[in-house]
Amino acid sequence: MNTSVEVRELGKRYGSKVVIEGLDLELGKGVIGLLGPNGAGKTTLLRCLATALTPDSGRMEILGLDPMRRSQRTELRKLIGYLPQNPGLYPHFTAAAMVDYIARLKEVTDRRIRKDEVQRVLAEVDLTEAADTRVRKLSGGMRQRLGIAQALIGDPKFLILDEPTVGLDPEQRMRFRTLASRLGQGRTVLLSTHQTEDIAALCDRVIVFSKGKVVFDGTAPELADAASGRVWASGRQPAAAQVFWRTADGRYRVVGERPPDGTPVAPTVEDGYLQFLGTGARAGA
Amino acid sequence: MSRPLFALVVAETRIALRSPLLWLLTLLTVTGRTVSTWHEMPNWSVEGVDTATSALVIGAGAMLAANLAILRDRRADALELTDPLPVRAQTRTLAVLVAYPLVAMAYAAVAMGMQIAGLLINSRPVGHFDVRELPAGVLPVALMAVLGAAVGRWIPHLFAAPVCILLFFWTLVQFPQSWLLPMVPYPKLAIDPVRPPAWHLLYAAALTLTVGTAALLRHGSRHPGLVLPGAGSAAAVAVALTLTLNSPAAAAAARTEDLRQSTRSVTAGADHCETLQTTRYCAFPSYAGWIPLWRDAVGPVVAAVPTAFRHRLPGITQRAGTGTFDPTVTSRNILTTMSWGRNGAERDSRRALAAQMAAAATGFPRGTQRGAGPSGCDARGRARTVVALWLIGQTEEPLPATSTRSSVRTDSGKPTERVVPASDLGAVDYGPAELAYARRLLAQSGARERIRANWTALTAPATTLDEALPLLNLNRSAASETPKGTPCE
């Protein structure tokens, strides 16, 4: 693997609450999905990688640069594209002005290059026609795309996207998958999401993160396979200790021990993910 | 300036230039000042300072706009987006510190220029225009913009800048003559006050740099490139202030008695005097340029009075807004105020001054304006009323008498309404008949000679209109009304 990001013994805590502890991680080129329940530490990890947050312990090397060193951090920031979970966008700016402003903050100082870059990234997310629309007048999905657009400025070598498909309609999600897939060729794209379909559709590698630690690291089919032989369809509601949910046909899909009337079902990425999270992910009760 | 900083300064400048707050307040300042001064002849000694002071309204807008620019990330919850970008917050603050003061100063300069252009329309300005008042007006605007940015960095809440603005203007109102202020307004009702020296400009500029440095220090930087200029500008504040407060100008200002003191005569200081065609005109030195205007108003009235009687006519002396009335001055002089009309209002100024001279020539009590003067009296049916109105007509057409109503308290304390005549002769009432005869006289050739020939009889308080008509070669065309109030003595 051509390593872009190397994390060793990373630790981060908020007060007495440990969010990440002793994390080791290596990321190469391609699209990498980060799955995990709320509060697992995904966003904290992404913020550390984006240099928005300084870890308490451990070390990181991103694109050959050490973000702990101020001199290298500034250089590194030019190479990173980051979409935060809640990308605050200035409501009174137009879409183009917003991206232009971020481009200036990314030190794209040449006026002509910046102008071309703004047009390019807006076109990437299909916002060219909304370039002159003020942010406050954009729909939620359009704002999300604008957030993605600003992350693409400067053709970053490491793209960090925290829940990029939130608020996107199915068509836009398809477009995003195509875009992310293309971006993943030749660079590292790390995206955090709760959408297992997105993970299955576009990620070369999946990392399941829970309680500040990596509990699975592999491909999407491998994650699905992890639940092989542990996914069932049942006509009766299983015991509360099981991970299950009621499906549209009125039966129950169970991940875990076979219920008395259970019939085996082919596992999906979501099943694999739930298998790793165990009863903590119980949703059907 | 680094390229990223320059790029940001350009962006912030564009944003500031489009700030509706700055546009609106600039428009408001220019419109408000133009409207309020439209009918007043300018005195540059006053208007130069007032124009500069009005720019503080734009300064308030700049303070808010710069503050909002600094708080932009926080308001939009965008810190997460902007913090991990290569250009640091300190650079963004610096961009705001450069762009907003520049834009605000440009707006202030344009507003001041437009005000000055407005003051030049149909005007005969007096006083001394001190060019230093322009930077003295523009620099505090820059300071306010910088202050807005500094407040945004140190107290990142939306309420902070408005509170700061209120404090700024409160200080200005409470200590209007303090040279510690970055902008020293024109003292209310003062005449030709001593203005701060050029050192005060350095003080305002150094204060701006110091506040700007304080804003940057919020980012925790202790870089010598920041600390040294900061310390230098702070030292410059102290030095410039010391030089300002110890300047000869400060000593002169301390000696200058404030004309707001009620113990001072209203005419004290009006010692620039000229005698033109037997009338003596005395003005405050910076208002001497208005003497020709006064002469144009009073001269035709004086010229219409027989030569033998002209020596009895009063002179014209300018008076301040407050103070005591010296009987030795007021008995021998008509007092004119610190203002003179223009753009149509000059006719009222001319008529008021001519009317006072006409009243003095015909023995009526002198009122400085319509409805003002000693307790009102009724001059209907008297010959001298027609002569007085005819004298006024030598300068401006006389107008009908009206009345004003005011609420007064009786000796027992009960409120009652008092009706006071209001005419060109102050509080002297007259009717349409007197006005009609005066207008006929104005249109009649030979009237001047007839009035001069019969001056003593016509101006005697007892001579009735009916008795005067043959002397004036006028037919009885309208019956004069009987007096409705106390007849004039």
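Mentor: Domain bounds, for a chain such as the one above, come from an automatic or database domain assignment, and by that assignment chain A is divided into domain 1 (3-220) and domain 2 (224-281). This is a predicted model, in which local features need a pLDDT of at least 70, side-chain atom pairs count only at pLDDT 80 or more, and totals for chains, interfaces and linings use all residues. Residues are numbered from 1 along each chain as its sequence is written, while chains are lettered from A and ligands numbered from 1 in the order in which they are written.

Trainee: What ipTM and pTM does the predictor give the complex?

Mentor: The predictor assigns the complex an ipTM of 0.85 and a pTM of 0.83. Per residue, one reads pLDDT, the predictor's confidence on a scale from 0 to 100; chain B averages 86, and 96% of the residues in chain B score at least 70.

Trainee: How far apart do the centres of domain 1 and domain 2 of chain A lie?

Mentor: The C-alpha centres of these two domains of chain A are 32 Å apart. Two residues are in contact if their C-beta atoms, placed from the backbone, lie within 7 Å, and the contact between the domains takes 10 residues from domain 1 of chain A and nine residues from domain 2 of chain A. Helices (H or I, at least four residues) and strands (E, at least two) are DSSP runs numbered from the N terminus; helix H7 (196-202), strand E8 (205-210) and strand E9 (213-218) of chain A are the elements that give two or more residues to the domain 1 side. H7(A) gives the most to that side, with three residues.

Trainee: How many residues of chain A are in contact with chain B?

Mentor: On the chain A side there are 21 residues, which meet 17 residues of chain B. Helix H2 (70-77) and helix H3 (95-105) of chain A each supply at least two residues of the side of chain A that touches chain B, and the largest share of that side, four residues, comes from H3(A).

Trainee: Why is H3(A) described as largely enclosed by the rest of the structure?

Mentor: A residue is buried if 20 or more other C-beta atoms lie within 10 Å of its own, exposed if 12 or fewer, and partly exposed in between, with C-beta atoms placed from the backbone. In H3(A), 10 of the 11 residues are buried, so this helix is largely enclosed by the rest of the structure; among them are A:Met98, A:Asp100, A:Tyr101 and A:Arg104. The buried residues of H3(A) pack against helix H4 (111-124) and helix H5 (140-151) of chain A, together with helix H1 (3-17) and helix H5 (79-82) of chain B. A:Glu107, which follows H3(A), has a positive phi, near 65 degrees.

Trainee: Which residues have the most contacts inside the largest nonpolar core?

Mentor: A nonpolar core is a set of buried Ala, Val, Leu, Ile, Met, Phe, Trp, Tyr and Cys residues joined through C-beta atoms within 7 Å. The largest has 159 residues, and B:Tyr100 and B:Ala104 have the most contacts inside it; its largest share, 16 residues, comes from helix H3 (residues 44-70) of chain B. A second, separate core of 61 residues includes B:Ile191 and B:Leu472.

Trainee: How many helices and strands does the secondary structure of chain A come to?

Mentor: Chain A comes to nine helices and 13 strands. Buried residues make up 48% of the 285 residues in chain A, and the C-alpha trace of chain A spans about 70 × 45 × 35 Å along its principal axes.
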